[in-house]
Amino acid sequence: MKKKTKWGKGFTLIELLVVIAIIGILAGVVLVSLNSQRGRARAASALQSGMSAMPYAVECTLRNQALYFNGGAGAPLSDDNICYGSGAKWPAIGLSSTANCAYFSSAAGPNDAYYIIRCADARVQIVCNVNYDGWGGDYRPGTCIQQTY
């Protein structure tokens with residue numbers, strides 16, 4: 001005859017440890033996915049910032065003025081005017097909504113103006129073509145394209 005104990009029902013320690021391990025693995029997968037989504041959201045915000053400067057940049061090139069980047073070379077700073085005589089400034093990049101994003105490179109000539117914003121955590125760059133016709137494809141003048149690098 002079997003002896004009945006009050007501890008006969010329930011889970012063993014091994015079963016509880018297995019369930020805790022499975023929950024930990026699932027939580028790790030969710031956190032990694034959430035972090036990549038956060039990077040994509042920052043890249044989307046940087047795309048909006050890049051596009052917000054486009055009308056002013058196009059206006060500058062239509063007035064035959066070169067875009068202004070750090071005194072004429074390099075990438076724009078948020079406190080730089082978009083072009084000489086323009087009251088519009090380059091949008092701020094690298095704030096909380098665009099963390100790990102920065103202006104990467106640019107060309108300021110009157111016939112080949114463009115600027116690039118790179119977001120390191122999402123491995124995305126935004127190429128904004130102001131007036132250069134030689135690229136073709138989706139890189140039409142006056143557009144910003146998001147691509148991986």
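Serine 49 touches Pro91, Ala92, Ile93 and Thr98, leaving aside residues up to four places away in sequence; contact means heavy atoms within 4.5 Å. This is a predicted model, in which local features need pLDDT of at least 70, side-chain atom pairs count only at pLDDT 80 or more, and totals for chains, interfaces and linings use all residues. Residues are numbered from 1 along each chain as its sequence is written, and side-chain values use heavy atoms, without hydrogens and water.

**Helix H1**
- Serine 49 sits in helix H1, residues 13-62. Helices (H or I, at least four residues) and strands (E, at least two) are DSSP runs, numbered from the N terminus.
- Serine 49 is buried, at a relative accessible area of 15%. Buried means under 20% relative accessible area, exposed over 50%, and partly exposed in between (1.4 Å probe, protein chains only).
- Other buried residues of H1 include Gly39, Ala46, Gly50 and Ala53.
- H1 has 50 residues and spans 74 Å from first C-alpha to last, close to the 74 Å expected at 1.5 Å a residue. The expected span is 1.5 Å times one less than the number of residues.
- H1 has a kink of about 35° at methionine 54, shortly before proline 55. The bend is the angle between axes fitted to the seven residues ending at a residue and the seven starting there.
- Asparagine 64 follows H1 and has a positive phi, near 60°.

**Sheet**
- Four strands form an open sheet in the order E1-E2-E3-E4, with antiparallel pairing. Two strands pair if DSSP finds at least two bridges between them.
- E1 and E4 are the edge strands, each pairing on one side only.
- Six bridges join the antiparallel strands E3 and E4.
- Cysteine 128 stands opposite cysteine 144 in E4.
- H1 packs on the sheet and touches E1, E2, E3 and E4; its direction makes about 165° with that of E2. Axes are lines fitted to C-alpha atoms, for helices over the stretch in contact, and angles run from 0 to 180 degrees between N-to-C directions.

**Salt bridges**
- The structure holds two salt bridges. Each needs a side-chain nitrogen of Lys or Arg within 4 Å of a carboxyl oxygen of Asp or Glu.
- Arginine 42 and aspartate 121 meet at 2.9 Å, N to O. The pair links helix H1 to the loop between E2 and E3, 79 residues apart.
- Arginine 42 is buried at 19%, whereas aspartate 121 is partly exposed at 35%.
- Arginine 63 and glutamate 59 meet at 3.9 Å, N to O. Arginine 63 is partly exposed at 39%, and glutamate 59 is partly exposed at 42%.
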